[in-house]
Amino acid sequence: MSTLARRTLLGTAIFAVPLTAIAFVANAMASPADMRVVVNFMISLVLVLAIQSFSGNTGIISFGHLAFMGVGAYVAAIVTIDPVLKQDDLAGLPSFMAEHSVGFIPAVLLGGLVGGLVAGVLGVVLTRMREGAMAMATIGVLVIFFVVFDNWEGITRGNTGIAGIPQSTTVFAALVFALLAIAACRAFCESRFGLQLRGSRSDPVAAEALGSNVVRLRWVAWTLSGAIMGVGGALWAQYNIAVGPQQFFFEQTFPLLAMLVVGGLATVSGGVVGVFVITIVFEVVRRMEDDIGIPGLTQIVVAVLILVVLNRRPNGIMGGLEVDQVLARLRGRRRVEQEGGSQ
Amino acid sequence: MMVFAAAGQEAVQQAINALALGSTYALLALGLAMVFSVLGLVNFAHGELVAVSGYAMYLLHDAGLPFAVQVPAAIATGAIAALVMQRVVFRPLRGASFITLLISSFALSVLVQNGLRAIISPRQQGVPLPDFFNESVHLGPYVIGWLEIVTLASCVIALIVLTLFLRRSTQGLGMLAAAEDFQATRLMGISPNRVIAAAFAISGALAGLAAIFLVARRGTVDPGMGFMPLLSAFIAVVIGGLGSLSGAVVGGFVLAAIEVTLDATLPGSVQPFREAFALGIVVVILYFRPEGLLTRVSEAK
């Protein structure tokens, strides 16, 4: 088995065990409120790993990815809701879209496809920029899409948003897509593209000199991550059954980036760990917030958490390692200790 | 003839609006660029400096103090808040990566915004300004608001003072040198702490000045008020060339010119998409000049 396949399978399998357990336990005994947390946790895994597959490999942060989540979510909304509802609400749709609807899986795939297409087109311009300028320009991307979602009445219903999406994302469907996202992002990370990109992360000029076309590599990563983001958006829309422009703007960007940097931007495992930690912190503080009555307490706590983590561990909780690397190191250390003890 | 005269008059009027808007963007963009050039930090919390300065005006107004007190207080508050941010959050992160700094400032921005929400109120608060700002002067065929005149004049004065400081004083020259090459400047014996503190103080003071005009235009303050102006300043900085001080100022005026032109020319049905068109134009500019308008490719670090 190739290194790529071995690492991908191992890296995915280690997370598959606890995530599958969570899904089964939630399915057996969770209250509706807890179920929401679990399913949104799984969907957040897809979203955060989508961002990780670009930012982690290129070292360029993106504030614009929620635009692609929004594209995926709106696409899923438009293709799944009942044609009867569409005639009243979405008058601007072309007739073939207004008269037909599709099921869960085609909607998710369409979300990913359109998300990837949109990202691919924008990426042609964005990936030419220098690292810092590109990060800033992604903010512009987010604003452009917000303005479009907010005003394109005939297709997105503007500020009102689209409601009445069938709730098709089950906890197991979310689990499957979360695991697929982990596997896909890990495989990309270990692939030739990923290796070359991570080489270019520390020194783009040297990477160019060694024959990597950094702009093209970044474009590939950007487009792929846009597609995964679209899938995540489509899953999200089909669980939360209503979409609106505010859900794909700055306020929602903050928790996703928080998850990514707290866990560790550089690795897939960092993304997974970050989603887990921040989801728990969010839920605990949110429940306290209702009791204490301080508005915005959750945001304050998460902001302080980010500042403290970045101050103490600039590479996040995982410190730039994958979980299988951490386990291998622990095993190595134990072996050294045992051998040391036997002498 | 009448039609042409009217069109010309309209154009002049729009140009004045663009200059007033652009000068506010320029103040913010320049502050961002100063900090970026010495620290490599794109400061997301810059918008919160605007908000904090705005709230200083609100609190002083509430205490019954006149506008003449609110103005210097806003500028001082911006400068002090920037120094505090620098000392508490950014100094321990010296030498951290671009992303770490960026995300830290993002978190700081969320922290300050929600702090204002929790401590004062999530709602808008009114800050009525002197009636003077609502009046306008008739210069020949043109009607120009005092607000626009004062905004533009103050920004021009601020830019002149800052240029003199940067070019004539030792401290200022040290900062310009640091903006060019921070490491070399350190080797020349200029204290990095002083340069960085000065950059933050100036950027905060400029944000405080911008806050005065933003509050004057809106007549209110709210915790998220710094956000949209900050976005414009970000775009201005990118248009001008990240890290270039003069580029930031030029970028501010270019962005304002694009916005005002679109405002005047786009048909009503697509007006809501104005922001998207403006950013679309910016993206096209960046496609042809990925390093920004004022950075030559060979100079890019």
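**Where chain A meets chain B**

Guide: Gladly! Let's start with something that is absent: across the interface of chain A and chain B, the rule finds 0 salt bridges. Please keep in mind that this is a predicted model. Polar contacts between the two chains come to 1 residue pair, with both residues at pLDDT 80 or more. Which elements of chain A give two or more residues to the side that touches chain B? They are helix H6 (104–126), helix H7 (131–151), helix H13 (250–263) and helix H15 (297–312). Of these, H7(A) supplies the largest share of that side, with 11 residues. Sorted by class, the side of chain A that touches chain B holds 29 nonpolar, 7 polar and 2 charged residues.

Now let's look at both partners together. In total, 38 residues of chain A are in contact with 41 residues of chain B. Within chain A, the residues that lose the most area to chain B are Arg128(A), Met136(A) and Leu307(A), and together they make up 17% of what that side buries. Between them, the two chains bury about 3500 Å², and 84% of this area is on carbon and sulfur atoms.

To put the pieces side by side: the chain A side has 29 nonpolar residues, the buried area is 84% on carbon and sulfur atoms, and the salt bridge count across the interface is 0.

Definitions and conventions. Residues are numbered from 1 along each chain as its sequence is written. Chains are lettered from A and ligands numbered from 1 in the order in which they are written. This is a predicted model: local features need pLDDT of at least 70, side-chain atom pairs count only at pLDDT 80 or more; totals for chains, interfaces and linings use all residues. Side-chain values use heavy atoms; hydrogens and water are left out. Contact means heavy atoms within 4.5 Å. Buried area is the accessible area (1.4 Å probe) that two parts lose on being put together, summed over both. A salt bridge is a side-chain nitrogen of Lys or Arg within 4 Å of a carboxyl oxygen of Asp or Glu. A polar contact is a pair of N or O atoms within 3.5 Å; within protein, one must be able to donate a hydrogen and the other to accept it, and residues adjacent in sequence count only if both atoms are side-chain atoms. Helices (H or I, at least four residues) and strands (E, at least two) are DSSP runs, numbered from the N terminus. Ala, Val, Leu, Ile, Met, Phe, Trp, Tyr, Cys and Pro count as nonpolar, Asp, Glu, Lys and Arg as charged, and the others, Gly among them, as polar.
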